[in-house]
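Hi,

Here is the structure I said I would pass on. My notes follow below it.

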Amino acid sequence: MNRAKPVPRVNETTKPYWDGARLGKLLLQRCNACRTVVHYPRAWCSKCWATDLEWIEATGRGHVITFTIVHQAPYESYAADVPYVLAVIRLEEGPQMMANVLGVDPSRMRVELPVHVVFEERGDGFRVPQFEPAEESVR
Amino acid sequence: MRNEPAIAAANEIRPGRYPELSSLDLYEKVLVEFLRASRLDPSLVDGFLVSPAGMALGTGSDIFVHEELGDALGIHPIFSETINAGGATFALMAARAAMAISSGRANAVLCAGAGKFPKVGAGGAESMARMVSHPDFEFIYGAFIPALYALAATRHMHERGTTREALAAVAVSTRHWALEHPDAIMRGQGAISIDDVLRSRPIAEPFHLLDCSVPCEGGAAFLVARGDIARTLTRQPAYLLGIGEYHDHGPISQSRDFTSMGAREAGRQAFESAGLRPRDVRVAEIYDAFTINPIMYLEELGIAEPGRGGAFFLEGRGAPGGDLPVNTYGGLLSFGHTGDSSGMSMVIEGALQTMGLAGERQVASANVTLVHTYGGMMAEQATLILGRKP
C-alpha cells in the first residue's frame, strides 16, 4: 500500500466507479439507448447524448495501445517507483484508460501487450485500478 | 480571404527568466516593445485579442486581460476578448481576427500574449501535470507532460517505424536554426549531435532531456489588418491565405489516434481554404514541445509521407540549407518554450519569414509559410497558411 500516492476526488457520477474498485471490480458505464460503453464516468453517453446509463463489470482484460517508461517522477510519491510504466490500455469492452503497468520488466514492455486489471491500495481506503501483464514471460 | 487579412506587424520579446515581472508586467513589456517596433496609430485598431495571464503558474488565471490592457492602451475595440486554447491560442487569434476582418466586423486586430513558466524542479512539474491531465483518471498514475507526449512518440515508433535517432535529428536540426537567432536561449550552447541527444539523461522514454523544449518566459504581439491597411504599414504583409482548426480529445488517454490527434483535419481545412497543396509550402513553423511533434505533424499535414517524417529530419531537409526549412527560429526546443505564450513563437516567425524580416536566418523563397500549433496535450489543432500575395 502506498498511502502517499494521489487519490481521486469523488463526485456523484464517479462514486460507483470508485466504490466498485474498493470491491475489486472494474466498472464501466453502458448506454441503455445505444449500448456504447463509456469510460471515464460521465452523466451522459458521449456517443448519443442519452442520459440513461447503467454500470457493468468489465472483464478487466485489455491490451497496451502505447506506453512510456518514466525515469524522472513528477512528484515525490512516485519517486521510489522509477523506472515505472505509464500506459494507455484499450479494454475488451472498447474504452481506453490510463494506468501503470505493474510487475513488468520495463525492457520487455511493448505495444499490444495483453494485460489484466489489478487493484492497488492507496490512502483513505481507495483502491485504484492498475494493470499487470497477462504473460508470465515479461514479468 | 475577402478583405485580404494580413499580419502587418509582429514582435516577440527575448525569451528568458523574468522573476521580477508578474504576468501582467510581462504583458506590459510585450506591448511596449511592440509599440516601439511598430509605431502603430491607436486609431487604426478596433479589435484586441489576448490570452489569460498566469495560467501556467497554476495559481489562478487572470481572464480579464482584454479589459485591463485595453483600458491601459486607451482603446475601445468593437471586437475583443481574452481567449484560450493552450498553445493553439495564438494561431486561433490570427484565425479569429482574419474571420472578423473578412466578414467586415473589424479592420485591424491587435493580438498579444505573455507567458510565465514555473520552475520544473520546484513543484512546477506537479502543478502543470494537474492542469494538463485528468486529475482523477490520469494524474493519479504519475502522469506529467513529457510522459504524456512520450505516449504519442511510442505509438508513432510502433505504427510508423519512426526511430529514436529520428527524434534526436529533430533536436539537432532545430538547434542549428537557434544558432542563427540572436535571442534563442540555446544559441550560446552551440550545435548538438544525435549522440548528444541520446546521451542526455532519460526523462520518459523515448525522450531524453534534449528531446524536451526549454522552459522559459516571454511573449509577443502581432497585428492582423485588412489588406489595404496592412500595405500602408509594411512593404510586405504576411497574408492569411488559409486557416484550419480541429478540437480532438480532452485527456490524452481518450485520443482515438495517437499518430494524428486531429491535425490532418486542421491541415486539410487550411490548404483547402488557401487553394494550395502541401507541396507549395516553402517554410514550416511547427509547435515542438517535444521532438516527436514536427515528425508527426509533417506527416499529418501532408508534407511528408506517413512514416517518412523521421527520414525528413535525418536527411537534414528541415535544417539550414535544407529544401524545406522547419522551425527557423530555433523552435521551442532551442529558442525556448515561453510557458502559456509558447504558441506565439511560431506565428511570429511564420509572419517574419513571410514578410522578409527574419534577418540572418531569412529563407529567401518564403512565399508560402505553414504554421501549425496545438493546445493541451495535442488536444486541439490550429493551422495557418501565410503568403506574400493576397
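One definition before the notes: a residue is buried if 20 or more other C-beta atoms lie within 10 Å of its own, exposed if 12 or fewer, and partly exposed in between. Please keep in mind that this is a predicted model.

Start with B:Gly356. It has 16 C-beta neighbours inside 10 Å, so it counts as partly exposed. B:Gly356 sits in the loop that links helix 13 (342-355) to strand 10 (368-375) of chain B. Beyond its neighbours within four places in sequence, B:Gly356 contacts B:Gln236 and B:Gln362. Its C-alpha atom is 18 Å from that of B:Ile229, which is 127 residues away along the chain.

Next, the chain contact. On chain B, 27 residues are in contact with 29 residues of chain A. Helix 4 (120-132), helix 5 (145-160) and strand 5 (202-204) of chain B each give two or more residues to the side that touches chain A. Helix 5 of chain B gives the most, with 6 residues. By class, that side of chain B has 16 nonpolar, 6 polar and 5 charged residues.

Last, the core. The largest nonpolar core has 176 residues. Among those with the most contacts inside it are B:Ala94, B:Val109 and B:Phe222. Helix 3 (residues 89-102) of chain B gives the most to this core, with 10 residues. Domain 1 (6-118 + 217-235) and domain 2 (134-213 + 243-387) of chain B each supply at least three residues to this core. What does B:Val109 touch, leaving out residues up to four places away in sequence? Its partners are B:Gly47, B:Phe48, B:Leu49, B:Phe79, B:Ala97, B:Ala100, B:Ile101 and B:Val224.

Best wishes

Technical notes:
Residues numbered from 1 in each chain as written. Chains lettered and ligands numbered in written order. Predicted model: local features only at pLDDT ≥ 70, side-chain atom pairs only at ≥ 80, totals over all residues. Helix = DSSP H or I, 4+ residues; strand = E, 2+ residues; numbered from the N terminus. Contact = placed C-beta atoms within 7 Å. Nonpolar A, V, L, I, M, F, W, Y, C, P; charged D, E, K, R; others polar. Core = buried A, V, L, I, M, F, W, Y, C linked by C-beta atoms within 7 Å. Domains from an automatic or database assignment.
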